[in-house]
Amino acid sequence: MNAIASRILVGLVVAVSLVLGGCARKPEKELQDARNVIKELEEAGAPQYIPDDWNRINASLREAETKIEEKKYKEARELLLKIVEEANSLKSKAEEAKQKAEEEAERQQELQQQQQAQEADTPTAPEQPQQ
């Protein structure tokens, strides 16, 4: 092999190593971002108001963590990015569900108060004297 071919081969090996090395980086930032947005989702009331979505996104996080343990960093990174995107959209869903539940609770409380007021206004039959 001549000197030029040898240099080209070394250059290709270095380039491929850099490309593969870049893809093999552990997705630490992505994992932290996913954990942060899931915490925000929890604070928005997701476990209580959208439990199915909450369970699904946590299962996805566990799957991503497993992929990291298996050193499947590219797959984990892709999953973590999807988790962040989905969790961000679920925050508004959780907040809407929470607001709807609070409005319903207020409505129920108002109905109960009205019913109690009506009962208080309704005259009761006088008690019969006991014999």
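## Contacts along the chain

Two residues are in contact when heavy atoms lie within 4.5 Å. In this predicted model, residues 24 or more positions apart account for 71% of the protein chain's contacts with a separation of 6 or more.

## The overall fold

What does the chain contain, helices or strands? The protein chain has 5 helices and 0 strands. Its pattern along the sequence reads α-α-α-α-α.

The protein chain has 131 residues, and 23% of them are buried. Its accessible surface is about 10100 Å². Carbon and sulfur atoms contribute 51% of that surface.

## Helices H2 and H5

Start with helix H2, residues 28-43. Helix H5 covers residues 73-121. The axes of H2 and H5 are 9 Å apart, and the two helices pack at an angle of about 15°. Angles under 35 degrees count as roughly parallel, so H2 and H5 are roughly parallel to each other. Their crossing is left-handed.

Which residues of H2 meet H5? They are Glu30, Leu31, Asp33, Ala34, Val37, Ile38, Glu40 and Leu41. On the H5 side, the residues include Arg77, Leu80, Leu81, Ile83, Val84 and Ala87.

## Glu30, a residue of H2

Is Glu30 buried or exposed? Glu30 lies in H2. Its relative accessible area is 11%. Buried means under 20%, so Glu30 is buried.

The side chain of Glu30 has a partner. A polar contact of 3.2 Å joins the side chains of Glu30 and Arg77. Leaving aside neighbours within four places in sequence, Glu30 is in contact with Arg25, Arg77, Leu80 and Leu81.

## Helices H2 and H4

Helix H4 runs over residues 51-69. The axes of H2 and H4 come within 11 Å and cross at roughly 165°. That angle makes H2 roughly antiparallel to H4. The crossing of H2 and H4 is left-handed.

From H2, the residues that meet H4 are Leu31, Ala34, Arg35, Ile38, Leu41 and Glu42. Their counterparts in H4 are Trp54, Ile57, Asn58, Leu61, Glu65 and Ile68.

## Helices H4 and H5

How do H4 and H5 pack? Their axes are 9 Å apart, at an angle of about 160°. Angles over 145 degrees count as roughly antiparallel, so H4 and H5 are roughly antiparallel to each other. Their crossing is left-handed.

The H4 residues that meet H5 include Asp53, Arg56, Ile57, Ser60 and Leu61. Among the H5 residues they meet are Tyr73, Leu79, Leu80, Ile83 and Leu90.

## Leu61, a residue of H4

Leu61 is found in H4. Its relative accessible area is 9%, so Leu61 is buried. Not counting residues up to four places away in sequence, Leu61 touches Leu31, Ala34, Arg35, Ile38, Leu80 and Ile83. Leu31, Ala34, Arg35 and Ile38 belong to H2. Leu80 and Ile83 belong to H5.

How far apart are the C-alpha atoms of Leu61 and Ile38? They are separated by 9.0 Å. Along the chain, the two residues are 23 residues apart.

## Ala46, a residue of H3

Helix H3 covers residues 46-49, and Ala46 lies in it. Ala46 has 0% relative accessibility, so Ala46 counts as buried.

What does Ala46 touch? Residues up to four places away in sequence are not counted here. The others are Leu41, Pro51, Trp54 and Ala94. Ala46 and Ala87 are 41 residues apart in sequence. Their C-alpha atoms are 9.8 Å apart in space.

## Lys71, a loop residue

Lys71 sits in the loop between H4 and H5. Its phi is near 65°. That is a positive value in a residue other than glycine.

Is Lys71 buried or exposed? Its relative accessible area is 59%. Exposed means over 50%, so Lys71 is exposed.

Notes:
Residues numbered from 1 in each chain as written. Predicted model: local features only at pLDDT ≥ 70, side-chain atom pairs only at ≥ 80, totals over all residues. Heavy atoms only, no water. Helix = DSSP H or I, 4+ residues; strand = E, 2+ residues; numbered from the N terminus. Buried < 20%, exposed > 50% of the residue type's maximum accessible area, 1.4 Å probe, protein only. Areas by Shrake-Rupley, 256 points an atom, 1.4 Å probe, with all protein chains shown as cover. Polar contact = N/O pair within 3.5 Å; in protein donor to acceptor, adjacent residues only side chain to side chain. Axes fitted to C-alpha atoms, helices over the stretch in contact; angles between N-to-C directions. Parallel < 35°, antiparallel > 145°, perpendicular 65-115°, else oblique. Left-handed = near helix turned anticlockwise from the far one by under 90°.
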